[in-house]
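The points go from domains to a helix pair and then to the contact of the chains.

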2 protein chains.
Amino acid sequence: MRDGYVVAVVGATGAVGRQAVGLLEARRFPVRELRLAASPRSAGKRVDGHPVVALSEEVFEGCDIAIFDVPDEVSREWAPRAASRGVVVIDNAATFRLDPDVPLVIPEINGPRVLDRPRGIIANPNCTTATFLMPLAPLHRRYGLRRVVACSYQSVSGAGQAGVEQLWRELRAAAERGEPLEESLGSAFSHPIVFNVIPAIGSVRDGGHTSEELKAQAESRKILEHPTLEVGITCVRVPTLLGHGVAVHATFEQTPDLDEVREILRAAPGVEVVDDPRSGRYPTPLGAAGRDPAYVGRIRFDGAGNLAFFVVADNLRKGAALNAVQIAETVVALQPGLRPQPARA
Amino acid sequence: MRDGYVVAVVGATGAVGRQAVGLLEARRFPVRELRLAASPRSAGKRVDGHPVVALSEEVFEGCDIAIFDVPDEVSREWAPRAASRGVVVIDNAATFRLDPDVPLVIPEINGPRVLDRPRGIIANPNCTTATFLMPLAPLHRRYGLRRVVACSYQSVSGAGQAGVEQLWRELRAAAERGEPLEESLGSAFSHPIVFNVIPAIGSVRDGGHTSEELKAQAESRKILEHPTLEVGITCVRVPTLLGHGVAVHATFEQTPDLDEVREILRAAPGVEVVDDPRSGRYPTPLGAAGRDPAYVGRIRFDGAGNLAFFVVADNLRKGAALNAVQIAETVVALQPGLRPQPARA
């Protein structure tokens with residue numbers, strides 16, 4: 001039995017990186033040595049007391065597992081470099097998610113896929129995708145998902161620290177002025193986000209989709225192994241700090257039974273049903289923030305015959321760091337040896 | 001030619017009533033005499049300089065047109081009383097909207113329906129319904145709407161002054177504390193609304209729908225005269241002050257052509273296309289607040305073959321007061337005599 005793993009967190013000073021460090025500790029991941037890396041300008045900082053070094057090849061020397069939360073282009077360069085040294089890379093960037101040689105994993109849904117990683121990289125899905133697949137996947141297994149229309153209510157932390165700072169700055173300015181803002185007070189969003197919603201996330205691509213919407217489509221198909229799944233989605237930024245909500249309207253091959261749907265969701269790992277709207281109980285971003293599960297409520301048939309529900313998960317946890325740490329847990333549970341390292345065993 | 005009409009605004013001290021008074025003036029509605037009425041505790045106030053009296057039968061004595069924005073139960077009692085005196089009642093409550101003897105009118109869509117009002121009452125639609133039907137109706141006429149899935153992003157002013165006050169109070173408290181609130185600071189919403197979204201509006205009914213969602217379903221079918229229209233909708237409150245957004249994913253009998261869709265929407269009265277997302281141009285609540293049109297953007301086919309778009313309108317204007325004043329304009333345009341009143345002509 002190994003006495004623990006050498007684990008690196010790359011991008012350790014960002015919100016997701018910090019969460020990952022905290023979760024490795026809180027969930028008692030068997031860490032023998034923790035290495036935190038970030039960009040040169042963050043080197044020298046500390047996260048939870050651990051020093052942060054500038055990203056270099058040395059970080060991956062003798063390293064077992066690395067959780068990456070870095071910009072796509074940094075991932076493109078460094079994830080393969082780490083993997084080529086035998087490190088199991090768990091990458092939160094979009095870079096490799098659709099690579100057929102990279103498994104895209106939500107442990108509760110397709111955990112064993114971590115074993116099939118020809119490039120040594122395992123990809124962590126987009127935060128919105130992870131949120132709405134948590135309840136959809138077990139329902140798909142039972143009823144066969146045909147089509148899903150989803151609209152998101154995404155928090156500013158999904159746009160990183162700049163998004164959080166812009167919302168706080170604008171909130172304070174609005175409180176002082178006593179009126180809505182006319183101009184954006186930050187770099188994350190070109191429109192004010194306080195008292196506003198912004199119906200476009202990411203870059204705009206051919207066909208008028210945003211990059212966020214294309215991720216949700218393609219990643220859903222890959223994770224559910226359902227290449228013909230129809231996904232219609234509108235991704236919208238709302239003035240919340242933490243927690244992505246998604247309103248889901250789904251059509252299945254077989255007609256779901258509502259009582260059974262509730263049973264399936266109650267039994268689904270990582271899913272919590274909060275569904276007593278008459279008593280004001282339904283999922284909200286504030287209720288999900290800082291917590292692990294994907295919360296599901298407002299379960300019903302809509303007026304168009306779809307199964308509908310509202311799901312919220314903490315985008316820094318299930319949408320990012322938690323799922324990454326769960327992938328690491330899955331890897332060491334299914335493959336405790338990782339790679340033989342007798343000298344250090 | 002009449003030298004103008006005796007117009008009453010009932011519920012004149014509320015946000016919608018005030019808007020109606022302002023719009024009657026701004027749009028130069030031919031008012032000979034303006035009478036403002038409200039509950040006894042608002043009597044004695046002034047709106048735009050006009051005195052407000054307590055609601056009584058006298059208000060409707062010799063009155064031509066009355067715009068009501070009052071609670072459903074007040075409307076139930078007083079709208080028929082006013083109508084029985086020959087007043088043309090334009091009612092913004094939900095009370096009569098589905099009454100087969102009451103036309104439910106969005107002037108740009110079904111204006112001439114105002115003429116067929118056996119009960120003397122014309123109903124003004126729900127604010128979210130009005131918003132998403134503005135672009136959907138002309139598309140329905142061309143392509144035949146089969147099914148619509150819609151998710152709303154509704155501002156707190158839709159919950160009245162209490163909603164607006166709660167959001168401001170919570171925003172100031174969050175700015176002072178520097179952190180999200182754990183408890184609601186108002187009577188409008190039982191959860192905090194600042195930094196939050198609330199996926200339930202109105203009361204919860206059989207089948208798990210909210211009253212707001214049922215209104216959108218039934219009113220869409222009535223206004224479009226399309227009793228088999230499938231409407232799947234999730235109504236969500238978001239922390240915006242003014243402007244209801246709706247993400248719409250619609251299926252038609254005939255496949256729409258995107259260029260033609262844009263042409264139809266550009267030509268549609270009361271609709272403005274704002275659709276250059278690469279340049280950050282799309283509809284937002286802040287952009288629609290205080291303005292008349294329903295703004296439409298993000299026009300595209302989604303990944304499930306639906307025509308998708310995002311539409312925002314000011315819920316106090318197109319969603320309420322503006323539409324009511326437009327109904328009054330339609331009535332006097334089509335039927336300038338209203339009822340013969342030779343003694344006063």
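**Notes on the predicted model**

1. Chain A is assigned two stretches as domain 1, 5–124 + 321–344, while domain 2 covers 128–154 + 201–314. The model is a predicted one. Taken over C-alpha atoms, the centres of domain 1 and domain 2 of chain A are 27 Å apart.

2. Where these two domains of chain A touch, domain 1 contributes ten residues and domain 2 twelve residues. On the domain 1 side, helix 3 (107–110) and helix 9 of chain A each give two or more residues. Helix 3 of chain A gives the most, three residues. By class, this side of domain 1 has six nonpolar, two polar and two charged residues.

3. Helix 1 (residues 15–26) of chain A packs on helix 9 (residues 317–334) of chain A at an angle of about 45°, and the axes lie 9 Å apart. Helix 1 of chain A is therefore oblique to helix 9 of chain A. Their crossing is right-handed.

4. Residues in this helix contact include A:Leu23 and A:Leu24 from helix 1 of chain A, and A:Arg317 and A:Val325 from helix 9 of chain A. The contact of helix 1 with helix 9 of chain A counts nine nonpolar, one polar and one charged residues.

5. Between the chains, the contact takes 55 residues from chain B and 55 residues from chain A. Elements of chain B that each supply at least two residues to its side include helix 5 (161–177) and strand 10 (244–252). Strand 9 of chain B has the largest share, five residues. The chain B side divides into 31 nonpolar, 17 polar and seven charged residues.

Technical notes: Residues are numbered from 1 along each chain as its sequence is written. Chains are lettered from A and ligands numbered from 1 in the order in which they are written. This is a predicted model: local features need pLDDT of at least 70, side-chain atom pairs count only at pLDDT 80 or more; totals for chains, interfaces and linings use all residues. Two residues are in contact if their C-beta atoms, placed from the backbone, lie within 7 Å. Helices (H or I, at least four residues) and strands (E, at least two) are DSSP runs, numbered from the N terminus. Ala, Val, Leu, Ile, Met, Phe, Trp, Tyr, Cys and Pro count as nonpolar, Asp, Glu, Lys and Arg as charged, and the others, Gly among them, as polar. Axes are lines fitted to C-alpha atoms, for helices over the stretch in contact, and angles run from 0 to 180 degrees between N-to-C directions. Angles under 35 degrees count as roughly parallel, over 145 as roughly antiparallel, 65 to 115 as roughly perpendicular and the rest as oblique. A crossing is left-handed if the near helix is turned anticlockwise from the far one by less than a right angle, and right-handed if clockwise. Domain bounds come from an automatic or database domain assignment.
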